[in-house]
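Here are my notes for you, written as numbered points. Keep the viewer open and click along as you read.

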Amino acid sequence: MTLIDTHAHLDFHQFDADRPAVLERARSAGVELLVNVGADLASSRRAVKLAEQYEPIFAAVGMHPHDAVKLDGATLAELRDLAQQTKVVAVGEIGLDFYRDLSPRDVQRRAFQAQLAWAAKLGKPVIIHDRDAHAEIIEILADWAAELSDSPLAGRLGVLHTFSGDAAMAERAIDLGFYISLSGPVTYPNARKLPDIVRALPLERLLVETDCPFLAPHPHRGKRNEPAYVRLVAERIAELKSMSFDDLATATTANARRLFRFETQGSTSDVYQTATSSAPRTLNAKHPTRNSKRK
Ligand SMILES: [Zn+2]
């Protein structure tokens with residue numbers, strides 16, 4: 001039994017003091033691989049660096065809608081360079097956030113479109129952040145999917161992470177070729193819509209994630225989240241879908257592999273060893289204050 005945490009921010013300063021121990025706990029919990037997702041240029045650089053250091057870590061690079069104002073030509077060019085690294089499996093996280101509105105909406109739209117176009121050229125799936133922008137997200141993704149109907153990316157266009165839409169939106173996204181990923185909120189005892197959505201979701205399109213350090217699942221809600229807790233998310237989904245945890249884990253892990261096509265060299269038995277023992281274990285968070293807002 002293994003799990004893949006498809007959305008983590010282990011580069012954030014919240015993990016500077018104990019990153020190796022966090023990874024060890026992830027391994028003990030059955031987490032085989034994780035995708036460390038970039039949120040701006042600095043964190044995308046750190047994501048790539050972590051992927052170089054630690055075998056079970058893969059990276060995504062991109063500009064979060066919160067920071068869309070920072071996506072100028074030079075930044076996009078540098079993100080493109082970073083994305084050439086072999087362990088970069090996706091462009092993300094990108095999207096729209098009309099809840100916080102930290103960048104003006106037209107700027108968010110332009111940054112989102114620019115990065116979708118770039119992901120298509122690169123041939124990599126996208127990791128979508130959507131908060132209070134459901135209709136517009138689907139509209140933009142539908143146009144993008146139509147352009148890619150004959151591309152090798154068709155059917156594995158990306159994932160809607162920490163899904164917060166309704167069942168109809170999930171169905172539409174899946175029809176377009178996206179996966180749906182769930183995190184801590186599905187475990188909250190007061191979750192209202194999510195349990196029904198989960199029951200209706202086709203197993204072959206479902207992923208699990210933590211979005212750590214944010215959104216810790218029950219009973220750790222409000223504390224720092226970490227990849228080991230993806231197990232709590234998976235256990236809850238198995239319960240909601242009335243299936244065994246092992247079957248749920250096997251299916252979601254296969255889904256993540258189909259979407260991201262992780263390429264690992266050598267055996268996986270020692271993937272938790274640092275890839276380069278001389279590499280520094282602690283990374284400096286360049287903008288620690290930024291990390292307090294949920295990505
Ligand atoms: Zn995130």
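1. Let's begin with R109, which counts as partly exposed at 30% relative accessibility. You'll find R109 in helix α4, which covers residues 105-122. One thing to keep in mind throughout: this is a predicted model.

2. Who does R109 meet? Setting aside neighbours within four places in sequence, R109 is in contact with L96, F98 and E136. Take E136: E136 and R109 are 27 residues apart along the chain, and their C-alpha atoms are separated by 9.3 Å.

3. Now hop over to A254, in helix α9 (residues 245-260). Is A254 buried, exposed or partly exposed? The relative accessible area of A254 is 35%, so A254 goes down as partly exposed, because that label belongs to values between 20% and 50%.

4. T75 sits in helix α3, residues 73-82. With a relative accessible area of 11%, T75 falls under the 20% cut-off and therefore counts as buried. Not counting residues up to four places away in sequence, T75 touches L41, M63 and K70. Have a look at K70 in particular: a polar atom of the T75 side chain lies 3.3 Å from the backbone oxygen of K70.

5. On to the strands. Strand β1 spans residues 3-8 and is mostly covered, with six of its six residues buried. β1 runs parallel to strand β2 (residues 31-37), and four bridges join them. If you want to see the pairing residue by residue, D5 stands opposite L34 in β2, and A8 has N36 in β2 as its bridge partner. How does the chain get from β1 to β2? It crosses through helix α1 (residues 19-28), and this β-α-β crossover is right-handed.

6. β2 has another partner to check. Strand β3 (residues 57-61) pairs with β2 in the parallel sense over four bridges. For an example, find V35, which stands opposite F58 in β3. Like β1, β2 is mostly covered: seven of its seven residues are buried. While you're there, remember that side chains in a regular strand alternate between the two faces of the sheet.

7. Time to zoom out. The protein's secondary structure comes to nine helices and eight strands. Of its 295 residues, 58% are buried. The protein exposes about 12,000 Å², and carbon and sulfur atoms supply 48% of that area.

8. Contacts across the sequence deserve a point of their own. Take the contacts in the protein with a separation of 6 or more: residues 24 or more positions apart account for 77% of them.

9. Last, a word about confidence. The protein averages a pLDDT of 91, and 89% of the residues score at least 70. Where pLDDT is low, the predicted coordinates should not be read in detail.

Terms used: Residues numbered from 1 in each chain as written. Predicted model: local features only at pLDDT ≥ 70, side-chain atom pairs only at ≥ 80, totals over all residues. Heavy atoms only, no water. Buried < 20%, exposed > 50% of the residue type's maximum accessible area, 1.4 Å probe, protein only. Helix = DSSP H or I, 4+ residues; strand = E, 2+ residues; numbered from the N terminus. Pairing = 2+ DSSP bridges. Right-handed = clockwise from strand over helix to strand, strands pointing away. Polar contact = N/O pair within 3.5 Å; in protein donor to acceptor, adjacent residues only side chain to side chain. Contact = heavy atoms within 4.5 Å. pLDDT = per-residue confidence, 0-100. Areas by Shrake-Rupley, 256 points an atom, 1.4 Å probe, with all protein chains shown as cover.
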